[in-house]
Amino acid sequence: MSSSLAPAIRGSRMAMLVIALCWLVVLFDGLDMFIYGSVLPHMLEQHALGLEPSMAGDLGSYATFGMLVGALSSGTLTDLIGRKKMIMSCTALFSLASALCAAASTVTVFGLGRTLAGLGLGGLLPTAITMVSDYAPRTRGAFVIGTLMTAHHVGGILSAYVALWIVEPLGWRATFWVCVVPLVIAVPLVARCLPESLSFLVAKGRTTEAHDLAARYNVEIPAAKDPRAAGDRWYALAQLFRGREWIQTLMFWLASFGGLLLVYGVATWLPTMMRNEGYQLGSSLNFVVVFNLGGIVGMLVAGRCADRFGAARISAIWFLMTAVGVYLLSVHMPLGLTFAVVFVTGLFLNSAQTMIYATVAGYSGSANRATAVGWTSGMGRFGAVFGPWLGGQLLANGAANWGFTAFALSAVFSTVFITLAGLRMSRRRPQQPAARSVTATA
């Protein structure tokens, strides 16, 4: 092995550490996000806290409203206080909020807990994506982000089994106590082991820390960026609108709106909608498992394809295939065929949205990447608020079957805007040769 290659290879140890720790906290993020949808059929059946279908949709929207605020603020806060502190803070917040849900005596208190959990959940994902993007190999950015997001779906699978194993013997409150586990496991581990972003340390002028960290892992220190980005936390946000960049930014936001409406609408209501189609509770929770297994496969496949063909292009194709899959779920099919459609739909749906983040991360520079990803996620959270509410209203009015059609149309909506964004990026690329790309973009 040549000495010239050794530093890069040893430096990969730092990237693997960052990815592994971020994967762990995103797993708990997925558990907390999906747990409500997994226990919701039981809560409705038992009228827990006096819960009705229309109220259940509102509660789902409370969490996603918190995610909206968390995602919008995360980029700016992350660029201000650092990736590591933001990851720890968000994980602690949604863990403590789950304790509030577990102890809630009224729907109001439960809703407050889900809103506070949403703040942490919404802030964690874009921060973790930014963190791994900082350390991802230049040609493997989308794959690394896809790998990170498999944790979200492992958490979704875990939520279904937590519901299956715990609800009957211990009640729905016990499932939310399980979601407090990250406070005592993940937060101390991140505090002890997760290195801060070298790009952040350099941007903040903390060069001594950056040199010490780089020496420990034998990696190069990134070049200093525009000093305005370090001195003015609003500069990174303003960069999203300079010149005609507002058009690109708006397209990303609209695509994310449709994608998150779809993701959170389906995540909240899939077990209930499938039960409404005549499947038993056990089968409907198994749909959550199969759906998230598809999501894991989809993340890995989409990441590899995006690094080769472009994240925006893959996102558009994936959303289009999602529209077909979601619409097919409105047709009552044999159980085996239904499971196959759920798996394929999960494969395309979950990774389609993640490839929007990969597109934005690759399109943005390191000085404003956290802000760009955070605001794309945050503006998309308006869709995440609307999706659970829409499902609840359709169910309350006896039109649950129309939920599949509505979610399929939102997939078509995102297909249009991420396609337009990709086409515009292709036309502008020759005029922007200096823009760093974590992943190939269409």
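**Exercise 1. Find which residues of H3 and H8 meet, then decide how the two helices run relative to each other.**

Step 1. List the contact. Lys84, Ile87, Met88, Thr91 and Ala92 of H3 meet Ala186, Val187, Val190 and Ala191 of H8. The model is predicted.

Step 2. Sort these residues by class. The contact of H3 with H8 has 7 nonpolar, 1 polar and 1 charged residues.

Step 3. Look at the axes. H3 and H8 (residues 186-193) have axes that come within 9 Å and cross at roughly 170°.

Step 4. Apply the cut-off. Angles over 145 degrees count as roughly antiparallel. H3 and H8 are therefore roughly antiparallel to each other.

**Exercise 2. Describe how H3 packs with H4.**

Step 1. Locate the helices. H3 covers residues 83-103, and H4 covers residues 107-135.

Step 2. Take the geometry. The packing angle is about 155°, and the axes are 8 Å apart.

Step 3. Use the cut-off of 145 degrees again. H3 and H4 are therefore roughly antiparallel to each other.

Step 4. H3 and H4 make a left-handed crossing.

Step 5. Count the classes. The contact of H3 with H4 holds 18 nonpolar, 6 polar and 3 charged residues.

**Exercise 3. Work out the direction, hand and make-up of the H15 and H16 pair.**

Step 1. Locate the helices. H15 spans residues 311-328, and H16 spans residues 335-363.

Step 2. Read the angle. H15 and H16 pack at about 150°, with axes 8 Å apart. H15 and H16 are therefore roughly antiparallel to each other.

Step 3. The crossing of H15 with H16 is left-handed.

Step 4. Find the contact residues. Those of H15 include Trp318, Phe319 and Met321, and those of H16 include Phe348, Leu349 and Gln353.

Step 5. Count the classes. The H15 and H16 contact has 16 nonpolar, 7 polar and no charged residues.

**Exercise 4. Describe the second largest cavity and say which element gives the most to its lining.**

Step 1. Count the cavities. The structure holds 5 of 30 Å³ or more.

Step 2. Give the volume. The second largest cavity has about 110 Å³.

Step 3. Find the lining. It has 14 residues, and Met149, His152, Leu260, Val263 and Gln353 lie nearest the centre of the cavity.

Step 4. Name the elements. H5 (141-170), H13 (245-276) and H16 each give two or more residues to this lining. H16 gives the most, with 4 residues.

Step 5. Sort the lining by class. It has 8 nonpolar, 5 polar and 1 charged residues.

Note on methods. Residues are numbered from 1 along each chain as its sequence is written. This is a predicted model: local features need pLDDT of at least 70, side-chain atom pairs count only at pLDDT 80 or more; totals for chains, interfaces and linings use all residues. Side-chain values use heavy atoms; hydrogens and water are left out. Axes are lines fitted to C-alpha atoms, for helices over the stretch in contact, and angles run from 0 to 180 degrees between N-to-C directions. Angles under 35 degrees count as roughly parallel, over 145 as roughly antiparallel, 65 to 115 as roughly perpendicular and the rest as oblique. A crossing is left-handed if the near helix is turned anticlockwise from the far one by less than a right angle, and right-handed if clockwise. Contact means heavy atoms within 4.5 Å. Ala, Val, Leu, Ile, Met, Phe, Trp, Tyr, Cys and Pro count as nonpolar, Asp, Glu, Lys and Arg as charged, and the others, Gly among them, as polar. On a 1 Å grid over the protein atoms alone, a cavity is a set of points where a 1.4 Å probe fits but cannot get out, and a pocket is an open set with protein on both sides within 12 Å along at least five of seven lines; lining residues have an atom within 4 Å of a point. Grid points are joined across faces, edges and corners, and a volume is the space filled by probe spheres set on the points.
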